[in-house]
Amino acid sequence: MRGEIRDISSGRGKDPATPRVGTPRRLAAIVVGDICGYSRLMELDEEETHARVKRIERDLIEPSITEHDGKLVKRTGDGFIAIFDSPVEAVRCGIVIQQSMIGRNAALPKSSWIEYRIGVNLGDVIIEPNDVFGDGVNIAARLEGIADPGQVYISGGIYEQIKHKLVCGYESLGDRKIKNITDPVRVYRVLPDPAAFNKARKRREHVLIISFCAILLALAGAGVWYMRAYPRGEIGNQASAPSAPPQETGNAGTRSAPAPAAKQARPEPAPAVTPVPPPPPAPPKPVIEPVMVPLPGGTFAMGSNDDISEKPVHQVTIKPFAISKYPVSVREWNACAAANACAFLVTGRDDIPVTDVSWTDAKQFVAWLAKETQKAFRLPSEAEWEYAARGGTQTKYWWGDQLQPGMANCKNCTDATAEQPLKLGSLKPNPFGLYDMGGGVNQWTEDCWHKNYQGAPQNGAPWVENDCVSHVIRSGSWKNDARYVRPASRDGYDTNVRYPTHGFRIAISS
Amino acid sequence: MRITGLIVLSAMLSTAPLAVHAQGKSAPKDAVLYFVWPQDKAVIKGGFWCRFGLRNMGVTHAGDNFQNSGHHHLLIDVNDPLDPKEPIPQDKSHLHFGAGQTEARIELPPGKHTLQLVLGDGAHYPFNPPIVSNKITVTIK
């Protein structure tokens, strides 16, 4: 993975004062996870199981480890080993994985469930770039081995560290003798839900009943059920497995604008399996570039004192660049979708901004456009967005300090319908000639979300770290009130999650 | 007891799909959404980890449409009633946890605040009937 494991041993970005030679050892919370009955699942359907496991690793295991400041050390085919600085984070990560797996399994018959066993131990271990060694790892692996499917088992060492910090139920399973380890190890089972302490068994029965009913139901009313409930080609997803790529039919990848209910059950668009119907066999049309407005460089005061996230106000210098006159439209988006480069086609009006796009979706669009046009199109940085939105003003709104009708497409600001954003270019442009810089659709920027501007760059560059879980959205939407259309207003949202008011605009350096 | 549960559940499940994708997916009757932490009337110094509890349903990503699963939304100082026909709003008072998070670091200005959890389906709509937690009050010192 990124960087050397040694780098995180002393915390982030800190270099050990004295360089050490020899084997690096450190105290770490080791999490070992493994799929129960993997060979049985592989026997049932090798390719599908493999695809599902890969998807779970990509969508759940890896992000959960990163979110909890851990490090994936290695994959073991059907499992993983991760290390964490903090026992609390390690156990939280285990709980998150198990809870999420409940959701993923809920729609499937029990025979297709993928269930992890997870063991967590605290130990002094030897770290190598792609592996980790020591008793501590062996104990974690043994804990994993004795854990029930769907459970997290922890050692006494971990328990002592987290018992007053992590509000969970802990069920002591006593001291266990573990193979090749001299001293017995005290083992605890984690019950993520404290109220479940006495109900654990009962709850498992509930799960069994629910899954039993689900099977009965699936057998009984399958035909009508699917036709009525999933008219848009989600049958493949529901009937087989969450990880199976949607079975394509003619309109499987389409949806009406903006009708979030018609969205596919895919949280993270994967470029490898783009659910878009093949384009009609027409000669490829040249890509129409969005209208771009070149802006001069300059220095401006970014931020405001109206919200804690907008502080401190700081000077930022922007280099000349161009930004799209409007948010990206449904028409522009669909060209990308038709080329199989964007995740879904939108039906309905095409003169409104595209919505329900995640940051990852937006990045796919700019990557496609840049490739097609041979121009370095990109998302604007947060600083560029605010500079463009202010249009040279320093007032609360770009038109002044008071709300005025007809200036922004926001809640209670116009008499537009709430169903979808206004047609592009319906309202007045700002002094830079840009439309909908405030209101309309929320707009993704390149920057990772930071809760305020402490430590923000002053050169207009995007403020990013590797793999950040949420990115900055700007502009407010037609469903937000007037506070959100201020050019300084900012918020963050999960990188891979779509929401019906989220769109974007594009930029290019001059 | 178990038989009754089974009948109720299968009846519920068999009617459920008809309502799917009209807004408001149905959810298990015994689903419970609650705060693991903080407790109602807690007095807290500074920022805190808010932990979300969900019984008899699973947590999944936004975009996933598996039965009996959803993702968390935390409503801070929201007094407007929830509109079951609309996606759960996205703003500074309606925090979304569409990546399947079951906890969040929350920082609020000093004073009294209300917190409430709402479970959303794959497209951010509330379930029908809505799966919501008790509205709790916390005081930030």
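In the predicted model, the link between Cys336(A) and Cys342(A) is right-handed, with 85 degrees about the S-S bond. The sulfur atoms of Cys336(A) and Cys342(A), which form a disulfide, lie 2.0 Å apart, and both cysteines are buried. This bond belongs to a set of three disulfides found over all chains in a search of the whole structure.

A further disulfide joins Cys410(A) to Cys413(A), with an S to S distance of 1.8 Å; the torsion about its S-S bond is about -90 degrees, so this disulfide is left-handed. Cys448(A) and Cys468(A) also form a disulfide, with their sulfur atoms 1.9 Å apart, and with -70 degrees about the S-S bond this link is left-handed. Because Cys448(A) lies in strand β15 (residues 442–448) of chain A and Cys468(A) in the loop between β15 and β16 (470–474), the pair ties together parts that are 20 residues apart in sequence. With bonded cysteines counted along the chain, the disulfides of chain A follow the pattern 1-2, 3-4, 5-6.

Trp333(A) lies in helix α9 (residues 330–338) and Phe365(A) in helix α10 (residues 359–373) of chain A, so the pair ties together parts that are 32 residues apart in sequence.

Notes:
Residues numbered from 1 in each chain as written. Chains lettered and ligands numbered in written order. Predicted model: local features only at pLDDT ≥ 70, side-chain atom pairs only at ≥ 80, totals over all residues. Heavy atoms only, no water. Helix = DSSP H or I, 4+ residues; strand = E, 2+ residues; numbered from the N terminus. Disulfide = S-S within 2.5 Å. Buried < 20%, exposed > 50% of the residue type's maximum accessible area, 1.4 Å probe, protein only.
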